[in-house]
Amino acid sequence: MINQTIEKMLELVLKMEEAIQLDIKDIKAAKHENLLNRNDDKQNMMQDIVDLKQELNGFLVQAMQEGQDINAYKEKVDNLESELRDIINQRDD
């Protein structure tokens, strides 16, 4: 379940990144209606990411309690964090 949750989160993060890139293009082209059309989708993606983060934390705690080595997921979680940082950095550009 941990791997699936991380994969779902990564998919959402990549979709969010794509939506932000489209927002940037539309801002430059003054296509404000397109921005408004994407707002609900972006809001839903953000909420889904938050929900999945809570789910992931629960799965990781459960795995630790069961004696599993959660370090096996470190690379995937690091990649996810890197993708999230990329979104934040896009906003700052």
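Predicted model: local features only at pLDDT ≥ 70, side-chain atom pairs only at ≥ 80, totals over all residues.

Modeller: Let's begin with exposure: a residue is buried under 20% relative accessible area, exposed over 50%, and partly exposed in between, using a 1.4 Å probe and protein chains only. By that rule Asn3 is partly exposed, because its relative accessible area is 31%.

Residues are numbered from 1 along each chain as its sequence is written, and side-chain values use heavy atoms, with hydrogens and water left out.

Asn3 sits in helix H1. Helices here are DSSP runs of H or I with at least four residues, strands are runs of E with at least two, and both are numbered from the N terminus. Setting aside neighbours within four places in sequence, Asn3 is in contact (heavy atoms within 4.5 Å) with Tyr73 and Lys76. Its C-alpha atom is 13 Å from that of Asp78, which is 75 residues away along the chain.

Now for the part to look at closely: the pairing of H1 and H2. Two packed helices are described by the angle between their axes and the distance between the axes. H1 covers residues 2-28 and H2 covers residues 32-65; they pack at about 155 degrees, with axes 9 Å apart. The axes are lines fitted to C-alpha atoms, for helices over the stretch in contact, and angles run from 0 to 180 degrees between N-to-C directions. So H1 is roughly antiparallel to H2; the cut-offs are under 35 degrees for roughly parallel, over 145 for roughly antiparallel, 65 to 115 for roughly perpendicular, and oblique for the rest. By class, their contact has 18 nonpolar, 2 polar and 9 charged residues. Here Ala, Val, Leu, Ile, Met, Phe, Trp, Tyr, Cys and Pro are nonpolar, Asp, Glu, Lys and Arg are charged, and the others, Gly among them, are polar.

Hop over to the loop between H1 and H2 and you'll find Ala30. Ala30 has a positive phi of about 60 degrees, although it isn't a glycine.

Next, some residues along H2. Lys42 lies in this helix and counts as buried because its relative accessibility is 13%. Leaving out neighbours within four places in sequence, Lys42 is in contact with Met16, Ala19 and Asp23. Met46, another H2 residue, is partly exposed at 40%, and its C-alpha atom is 8.5 Å from that of Val13, 33 residues apart along the chain.

Finally, the core. In soluble globular proteins, nonpolar side chains tend to be buried together. A nonpolar core is a set of buried Ala, Val, Leu, Ile, Met, Phe, Trp, Tyr and Cys residues joined through side-chain atoms within 4.5 Å. The largest one has 19 residues, and Ile2, Met9 and Leu56 touch the most other members. H1, H2 and helix H3 (74-92) are the elements that give two or more residues to this core, and H1 gives the most, with 9. Not counting residues up to four places away in sequence, Ile2 touches Leu56, Phe59, Leu60, Ala63 and Tyr73.
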